[in-house]
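Hi,

Here is the structure I promised to pass on. Have a look at it first, and then read my notes below.

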Amino acid sequence: MKCTFICERHHICRTADYNITTKTCRLFETLTSAGTFVADPTTHILAFNYCTNDAQIEPNYICTRSNTFTVQQIFDQFTLAPNITLTSTDRGAYANMYGVYASTSSGTLSFFTYTGTKNTLIQLSSEITNINSATNNGLGIVQYLNQSVSIYKNIGTSFQPQLVSILNISLSYQPYSCLITSQYMYIAYMNSSVLMTIHDLSSGSILFNIPSTTMTYQPVVSYWNDTLIVLDQYVATEYTLNGTYKGNWPYFASQQTTRRNYIHHDYAGRRHTCNYGGSYPGIYTFLLNGTQLAHGPTSCSRAIQVYITKDQAMLIYTQYGIAATMNVINF
């Protein structure tokens with residue numbers, strides 16, 4: 001009961017479990033149905049349903065403490081919310097419960113609160129094109145310079161990051177996006193006959209190579225529920241963590257060549273994508289099977305994050321040649 005109350009009070013907790021043997025309570029940001037953790041026979045899983053109507057359930061709807069919304073209603077509210085400018089941000093963005101990490105083409109990394117206050121500014125040697133969550137302090141930085149990759153570990157705090165370089169890799173192709181897990185690193189390549197390579201995280205050596213049947217443009221790699229997802233042009237291709245092909249979903253009716261793409265998942269597994277130009281510009285939200293839930297008219301390029309809690313929803317996006325913008329809705 002105490003574990004239940006702790007999860008209920010926490011603004012991002014949507015599932016908890018209690019281990020009767022170790023007497024430990026774990027809080028999870030994802031839904032019970034998302035399948036992102038493994039229970040054992042001595043664990044009681046505590047599921048929470050904030051939907052006001054049993055017929056309106058996640059992930060088709062967004063359920064908060066106060067109301068239930070369609071995903072399109074959330075995006076419609078974003079268009080009316082005030083714009084908060086994330087100064088000098090034109091490349092990557094990563095949002096978590098503390099705030100937003102943002103990067104630039106000149107090599108700066110900033111941390112912003114959800115009021116737009118900049119707490120941290122770090123200068124690195126070259127463009128930072130990818131920021132993502134990682135183990136051990138929750139922040140992984142990938143810095144690209146020509147055909148090389150540098151991986152940084154955060155030895156500071158979430159509010160005041162301090163970065164140290166832990167790995168430098170020379171590559172045969174120009175990298176565009178990267179994903180870091182507890183064991184592997186996945187790198188997707190722009191304008192290449194190679195879609196993605198899988199690397200040992202400790203040494204950087206290539207363990208597996210995934211070729212592309214056509215030239216890639218600017219593919220992005222994401223991760224959900226033990227599945228890798230690579231979005232390139234108009235198709236999201238799925239792989240196991242060791243690189244075995246699982247299938248693909250065409251998310252648009254035609255190719256989005258020479259356009260930037262971006263994809264990430266929220267707590268319910270919904271996929272949020274960004275297309276810059278082409279036949280389908282703007283921000284889109286899909287179910288995992290490719291069903292479209294919402295279309296945000298906002299122009300975006302390079303990066304997008306939709307971060308939703310029980311009390312707030314945040315949209316962070318970058319536009320070509322313009323500083324990143326953040327919209328915040330309070331429920």
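Which residues have the most contacts inside the largest nonpolar core? They are Val100 and Ile316, in a core of 49 residues. Strand 28 (residues 312–319) gives that core its largest share, 5 residues. A separate second core is made up of 12 residues, with Val149, Leu167, Cys178 and Ile180 among them. Before you go further, keep in mind that this is a predicted model.

Ile316 is worth a click. Setting aside its neighbours within four places in sequence, Ile316 is in contact with Val100, and also with Leu86, Ala93 and Ala95.

Now the overall picture. The secondary structure comes to 2 helices and 29 strands. The radius of gyration is 19 Å, close to the 20 Å that the globule rule gives for 331 residues, so the protein is as compact as a globular protein of that length. If you want the extents, the C-alpha trace spans about 55 × 45 × 40 Å along its principal axes.

On burial, 53% of the 331 residues count as buried. The protein exposes about 14,300 Å², and carbon and sulfur atoms supply 52% of that area. If you take the contacts between residues at least 6 apart in sequence, 42% of them join residues at least 24 apart. As for charge, there are 16 positive and 15 negative ones, and their mean positions are 5 Å apart.

You'll find Cys3 in helix 1 (residues 2–9). Is Cys3 buried or exposed? Its relative accessible area is 6%, and the cut-off for buried is under 20%, so Cys3 is buried. Leaving out neighbours within four places in sequence, Cys3 is in contact with Ala16, Asp17, Tyr18, Cys25 and Leu46. Cys3 and Asn96 are 93 residues apart in sequence, and their C-alpha atoms are 22 Å apart in space.

Then there's some backbone geometry to check. The peptide bond from Glu58 to Pro59 is cis, with omega near 5 degrees. Pro59 itself lies in the loop between strand 3 (43–47) and strand 4 (61–63).

Lys23 has a phi of about 55 degrees, and Lys23 lies in the loop between strand 1 (15–19) and strand 2 (24–28). Lys23 counts as exposed, at 60% relative accessibility. For Asp226 the phi is about 65 degrees, and Asp226 is in the loop between strand 19 (220–224) and strand 20 (227–232). With a relative accessible area of 47%, Asp226 is partly exposed.

Where does Ser192 lie? Ser192 is in the loop between strand 16 (184–189) and strand 17 (194–200), yet at 2% relative accessibility Ser192 counts as buried. Beyond its neighbours within four places in sequence, Ser192 is in contact with Tyr173, Ser212, Thr214, Met215 and Thr216.

Cheers

Technical notes
Residues numbered from 1 in each chain as written. Predicted model: local features only at pLDDT ≥ 70, side-chain atom pairs only at ≥ 80, totals over all residues. Heavy atoms only, no water. Core = buried A, V, L, I, M, F, W, Y, C linked by side-chain atoms within 4.5 Å. Buried < 20%, exposed > 50% of the residue type's maximum accessible area, 1.4 Å probe, protein only. Helix = DSSP H or I, 4+ residues; strand = E, 2+ residues; numbered from the N terminus. Contact = heavy atoms within 4.5 Å. Rg over C-alpha atoms; globule rule 2.2 N^0.38 Å. Areas by Shrake-Rupley, 256 points an atom, 1.4 Å probe, with all protein chains shown as cover. Lys, Arg positive; Asp, Glu negative; His and termini not counted. Charge placed at Lys NZ, Arg CZ, Asp CG, Glu CD.
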